[in-house]
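Please keep the sequence and the 3D view open side by side as you read.

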Amino acid sequence: MRPFKFFNNNEIQWISYSGQSHPLSSLHKLYLLRLMRAMKSNGVYPEQNHNFTNKEWYDIFKEELIRRNANI
């Protein structure tokens, strides 16, 4: 019997500047690092649909990079 995965299709989506929706797992490591650098330097980033704060987005990106074993 397969384990039940309630949140299987609810991966967090990043909305690009052009309005396209991308799952975090599809974003390139360097793109995530660039976003994190921008959030750290000026502290703000365009509001996303998930209503996360900039700090929460930063932490989400950081966890995604850790999940991928990327050097951050």
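Read along the sequence, the protein chain runs β-β-α-α, with two helices and two strands in total. Helices (H or I, at least four residues) and strands (E, at least two) are DSSP runs, numbered from the N terminus. This is a predicted model, where local features need pLDDT of at least 70, side-chain atom pairs count only at pLDDT 80 or more, and totals for chains, interfaces and linings use all residues. Residues are numbered from 1 along each chain as its sequence is written, and side-chain values use heavy atoms, with hydrogens and water left out.

**Confidence and overall numbers**

The predictor's confidence in each residue is its pLDDT, from 0 to 100. For the protein chain the mean pLDDT is 77, and 71% of the residues reach 70 or more. Contact here means heavy atoms within 4.5 Å.

Of the 72 residues of the protein chain, 24% count as buried. Buried stands for under 20% relative accessible area, exposed for over 50%, and partly exposed for what lies in between (1.4 Å probe, protein chains only). The accessible surface of the protein chain comes to about 5800 Å², and 53% of that belongs to carbon and sulfur atoms; such areas come from the Shrake-Rupley method with a 1.4 Å probe, and for residues only the protein chains shown count as cover. Among contacts between residues at least 6 apart in sequence, 49% join residues at least 24 apart.

Let us take α1 to begin with. This helix has 14 residues and reaches 20 Å from its first C-alpha to its last, close to the 20 Å expected at 1.5 Å a residue. The expected span is 1.5 Å times one less than the number of residues in the helix. Its buried residues are L32, L33, L35, M36 and M39. They cover an arc of only 160° around the axis, which puts them on the same side of α1; the arc is that of the directions from the helix axis to the C-beta atoms. On the other side of α1, L30, R37 and S41 are exposed. The buried residues of α1 pack against β1 and α2.

Helix α2 covers residues 54-67, and its 14 residues should span 20 Å at 1.5 Å a residue, which agrees with end C-alpha atoms that are 20 Å apart. Which residues of α2 are buried? They are W57, Y58, I60, F61, E64 and L65. Seen down the axis of α2, these buried residues fall within an arc of 160°, so they line one face of the helix. K55, E63 and R67 are exposed on the other side of α2. The buried residues of α2 pack against β1 (13-15) and α1 (29-42). After α2 comes N69, whose phi is positive, near 60°.

**Aromatic rings**

How many aromatic pairs does a search of the whole structure find? It finds three. Rings of Phe, Tyr and Trp (its six-membered ring) pair if their centres lie within 6.5 Å; planes under 30 degrees apart count as stacked, over 60 as edge-to-face and the rest as tilted.

| Pair | Centre to centre | Angle between planes | Class |
|---|---|---|---|
| W14 and W57 | 5.0 Å | 90° | edge-to-face |
| W57 and F61 | 5.5 Å | 35° | tilted |

W57 and F61 both lie in helix α2, four residues apart, about one turn of the helix, and F61 is buried, as is W57. Together, W14, W57 and F61 form one aromatic cluster.

**A closer look at single residues**

E64 sits in helix α2 and counts as buried because its relative accessibility is 8%. Leaving out residues up to four places away in sequence, E64 touches L24, S25 and L32. L65 is also placed in helix α2, and at 0% relative accessibility L65 counts as buried. The C-alpha atoms of L65 and L24 are separated by 9.8 Å, while the two residues are 41 residues apart along the chain.

K40, in helix α1, counts as exposed because its relative accessibility is 64%. K40 and K55 are 9.1 Å apart in space, C-alpha to C-alpha, and 15 residues apart in sequence.
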